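This note sets out several points for a colleague who has the sequence and the model at hand. Please read each point beside the structure shown here.

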Amino acid sequence: MPTPSLDSLPIRRLTLRDLTACADLSEDRGWPREEHKWGLLLAAGRGHGVEAPDGGLAAACVVTEYGPRERPSLAAVGMVLVAERHSRQGLGRRLMRHVVEGAGTTPLTLHATPLGRPLYEELGFKVTGQAEMVRGHFVPSGRPDILTRTATADDLPAILRLDEEVFGTDRTHIVTRLPAFADQLRVAEEDGRIIGYAAAWPNMDTHVVGPLIARDTATAQALIASLAAHTNRPLRTDIDVRHHELLDWVKEHGLAPVAFNAVMTHGITDLPGDWSRRFAPVTVAAA
């Protein structure tokens, strides 16, 4: 039988049953398998994929929606991947057009590598910011003045209120998964009030710091230092480049620059919320 053309292959919903195939696709493109992250994204978001005629997935991506379920106010696109053997045949463009058309009037955002940016620009995405990935073993110095502690179940309502205020829309379905997803979830506190929170979740040999929401740079520093104090793994995080003071500080404490990604939006000129208190995303794949 003749092999069907890529254009004729249907785009279907991906579920947690596709987790291994998604990890295989990551590995095919030279990315880490990241099964733990794929699990979160497929559970909290909406996966889209194309099955390859010769087995496995030819392409995949995940869209994570925020705000009211019936009328999302923002959707993040991530993990846009095309198998090496099917690359440069328009499959990524077709998948992204499917996502953009399916979003309708819902604004979109994504973090773009230099390789992917031209495709997104072709589809109408605009660069509205930049994030810098840093990685390394954190070297402590001194003791922060700001109190941090492990988050408890009683903290969740206050964390959700703070997160929605800073992020600009509701993401309860992500935040409530953090206690099980992350190895650490910590809060910063002042006079009994939560002024920031952060998680550290396992990704291959590192702990990824994200989300990182904090009242100011000093609070963000205290949260990172407290997370680092409870792990022997290198830390990795993606920090909005406008937070240059925090970036300088983490580099002084052992984290090294890895890469820059462009923050892009479609349908809005800037992300909602308060960028001055939003230091790092849960993951760049989910904004």
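1. Gly104 comes directly after H3 and has a positive phi, near 60 degrees. Helices (H or I, at least four residues) and strands (E, at least two) are DSSP runs, numbered from the N terminus.

2. The model is a predicted one: local features need pLDDT of at least 70, side-chain atom pairs count only at pLDDT 80 or more, and totals for chains, interfaces and linings use all residues. Residues are numbered from 1 along each chain as its sequence is written, and side-chain values use heavy atoms, with hydrogens and water left out.

3. Helix H3 (residues 91–103) contains 13 residues, and from its first C-alpha to its last it reaches 18 Å, close to the 18 Å expected at 1.5 Å a residue; the expected span is 1.5 Å times one less than the number of residues. The buried residues of H3 are Leu91, Gly92, Leu95, Met96, Val99, Val100 and Ala103. Buried means under 20% relative accessible area, exposed over 50%, and partly exposed in between (1.4 Å probe, protein chains only). An α-helix has 3.6 residues a turn, so residues three or four places apart point the same way.

4. The count of aromatic pairs comes to 4; rings of Phe, Tyr and Trp (its six-membered ring) pair if their centres lie within 6.5 Å, with planes under 30 degrees apart counted as stacked, over 60 as edge-to-face and the rest as tilted. One of them joins Tyr66 and Phe167, whose ring centres are 5.1 Å apart with planes at 70 degrees, so this pair is edge-to-face. Tyr66 belongs to strand E3 (residues 57–66) and Phe167 to helix H5 (residues 156–167), so the pair ties together parts 101 residues apart in sequence. Both Tyr66 and Phe167 are buried.

5. Thr237, in strand E11 (residues 235–240), is buried, with a relative accessible area of 3%. A polar atom of the Thr237 side chain lies 2.8 Å from the backbone oxygen of Val209. Not counting residues up to four places away in sequence, Thr237 touches Glu132, Met133, Val134, Val209 and Ala280, where contact means heavy atoms within 4.5 Å.

Conventions. Polar contact = N/O pair within 3.5 Å; in protein donor to acceptor, adjacent residues only side chain to side chain.
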